[in-house]
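Dear colleague,

Please find the structure handed over below, together with its sequence. My notes on what was found in it follow directly after.

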Amino acid sequence: RIFQSKGCAGCHVVAGKGAGYGPELTDIGTRRNGAHLRQAILKPATLLPEGFLYVAAVTQAGATVRGIRVNEDSFNIQIKDSSGQFHSFAKSELKEVRRLRGETPMPSYDGSLSAAELDDLVAYLASLKGKL
C-alpha cells in the first residue's frame, strides 16, 4: 500500500509492473538487507551504485535534459529521462554536460513517512525475493 501511495511504482518495476526509470526491485530482498533499504529510502544519495551518474545536458538552444547516463564515450552521451525516453547527443552539439555527482532523481522520504509506514515499506521491499 505504501509503495503504491507514495508513487514508488512511478520509477520502479516490481514483477513487471511500474516504470523502469529507477532500479528494478523484483528481487531487491535477495540483494539488500533491511538497513540498506531503510537508508536508500531516507537518504538515497548516500547509496549511489558505482557507475551511476545523474546528468544534465544543455543544448545549444538552452534546453536542458536531465536524467540517468546510460552510455557515454568521448563523442556522445545517452541519457534516460524520468519519462523513460532515451536521448542521444553528440557532445560537440551540446553547450554543456553537467555531471550531478552525489545527486539522484530519487527523493528522500525522510520526514514524509511515519515510523510505521517506513517499517512497512522496508518490510515489503525486503520480502521481494523474485521468482524462486
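Leaving aside its neighbours within four places in sequence, Ile 41 is in contact (heavy atoms within 4.5 Å) with Met 106, Pro 107, Ser 108, Tyr 109, Asp 110, Leu 113, Leu 118, Leu 121, Val 122 and Leu 125. Please bear in mind that this is a predicted model, in which local features need pLDDT of at least 70 and side-chain atom pairs count only at pLDDT 80 or more, while totals for chains, interfaces and linings use all residues. Residues are numbered from 1 along each chain as its sequence is written, and side-chain values use heavy atoms, with hydrogens and water left out.

Ile 41 is also among the residues with the most contacts inside the largest nonpolar core, which has 17 residues; such a core is a set of buried Ala, Val, Leu, Ile, Met, Phe, Trp, Tyr and Cys residues joined through side-chain atoms within 4.5 Å. Helix 1 (2-5), helix 3 (34-42) and helix 4 (115-127) each supply at least two residues of this core, and the largest share, four residues, comes from helix 4. Helices here are DSSP runs of H or I with at least four residues, strands are runs of E with at least two, and both are numbered from the N terminus. A second, separate core of eight residues includes Val 65, Ile 79, Phe 89 and Leu 94.

**The aromatic pair**

One aromatic pair is found in a search of the whole structure, where rings of Phe, Tyr and Trp (its six-membered ring) pair if their centres lie within 6.5 Å, and planes under 30 degrees apart count as stacked, over 60 as edge-to-face and the rest as tilted. The pair is formed by Phe 3 and Tyr 124 and is tilted, at 5.5 Å centre to centre and 55° between the planes. Because Phe 3 lies in helix 1 and Tyr 124 in helix 4, the pair ties together parts that are 121 residues apart in sequence. Phe 3 is buried, with a relative accessible area of 5%, whereas Tyr 124 counts as partly exposed at 31% (buried means under 20% relative accessible area, exposed over 50%, partly exposed in between, with a 1.4 Å probe and protein chains only).

Five strands form an open antiparallel sheet in the order 6-5-4-3-7, two strands being paired if DSSP finds at least two bridges between them. Strand 6 (86-90) and strand 7 (94-99) are the edge strands, each pairing on one side only.

With kind regards
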